[in-house]
Amino acid sequence: MREAGFPGLVHLAGAGGFRDGARQRMFLSTTQGRYWVELIDQATADWEGYRMGHAVAKYFQQAAMDRRRAPPGELGEARFFSLRDRNADPVSTAMTARGRIQIGVGAANATPFPRYEPDYRILAAHLGVSFHTSCYPYGQRPPSR
C-alpha cells in the first residue's frame, strides 16, 4: 500500500523486506502479536515519523551525520526501532545509545508506558541494554485518547 505524502514508499504488510527503497528488518517478536523492526535508512525513519507524528527522522538524520564524524558524535552509535502491531502498523518508536534505551515515544509523542512496557523490556533484554520508563522524554503524562 502506498503512503500518502511519500510517493514510492510502500508500507510493508509483511514482517520485513525491501520495497521501493524502503528497508526494514523484523528481528524480535514480543507480546500480543507485536514485533520490533529496526529502522535502517532515512526513508524508513521518515515514514515512521510521518505515521507516528513525531520527530524520529530528525534524530535518525543526526545519528547518520554523527557516524560520519571523526571521532563519532553523540548519536554515532544510536539505533532506532519501531514497535509494530499485528497489522504492521507502528505503535511506538525507540532509540538506543550508550548502553540503554534513551528515548521511547508513542504516536504524537504520547507516552508508550505502561501499555508497551513489556515490549520495551523484551527489546532491552535482547539487545543487552538497560531500560527504564524515564526514557519517555516528556514526563509521564497519560496517553491522549
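**Entry 1: around F131.** I started by asking what F131 touches, leaving aside its neighbours within four places in sequence. In this predicted model, F131 is in contact with I101, F113, E117, Y120, R121 and A124. I then looked at the rings, and found that ring pairs link F131 with W36, F113 and Y120 into a cluster.

**Entry 2: the cores.** F131 also turned up in the largest nonpolar core, a set of 17 residues. F131 is listed there among those with the most contacts inside the core, together with W36, A94, I101, F113, Y120 and L123. The most comes from α3, with 3 residues. Apart from this core lies another, of 10 residues, and I noted L39, F60, A63 and A78 among them. For my own reference: in soluble globular proteins, nonpolar side chains tend to be buried together.

**Entry 3: strand β7.** How many residues of strand β7 (residues 90–97) are buried? I found 8 of the 8, so the strand is largely enclosed by the rest of the structure. Next I followed the pairing on each partner. Strand β6 (residues 79–84) pairs with β7 in the antiparallel sense over 6 bridges, and S82 stands opposite T93 of β7. Strand β8 (residues 100–106) is also antiparallel to β7, again over 6 bridges, with I101 of β8 as the bridge partner of T96.

**Entry 4: the two hairpins.** The hairpin of β6 and β7 has 5 residues between the strands, and there A88 takes a positive phi near 70°.

**Entry 5: aromatic pairs.** My search of the whole structure gave 6 aromatic pairs. One of them is F60 with F80, a tilted pair at 5.2 Å centre to centre and 50° between the planes. F60 lies in helix α2 (residues 56–68) and F80 in strand β6, so the pair ties together parts that are 20 residues apart in sequence. Both F60 and F80 are buried. I also looked at Y136 and Y138: their ring centres are 5.7 Å apart and their planes at 75°, so this pair is edge-to-face. Y136 is buried, at a relative accessible area of 3%, whereas Y138 counts as partly exposed at 42%.

Entry 6: A reminder to myself: most residues other than glycine have a negative phi, and most peptide bonds are trans. Which peptide bonds here are cis? One joins A70 and P71, with omega about -5°, and P71 sits in the loop between α2 and β6. Another runs from F113 to P114, with omega near 10°; P114 is in the loop between β8 and α3. Lastly I came to Q32, which is not a glycine and yet has a positive phi of about 50°. Q32 is found in the loop between β4 (22–29) and β5 (35–39), and is exposed, with a relative accessible area of 60%.

Key:
Residues numbered from 1 in each chain as written. Predicted model: local features only at pLDDT ≥ 70, side-chain atom pairs only at ≥ 80, totals over all residues. Heavy atoms only, no water. Buried < 20%, exposed > 50% of the residue type's maximum accessible area, 1.4 Å probe, protein only. Helix = DSSP H or I, 4+ residues; strand = E, 2+ residues; numbered from the N terminus. Pairing = 2+ DSSP bridges. Core = buried A, V, L, I, M, F, W, Y, C linked by side-chain atoms within 4.5 Å. Contact = heavy atoms within 4.5 Å. Phe/Tyr/Trp six-rings, centres within 6.5 Å; stacked < 30°, edge-to-face > 60°.
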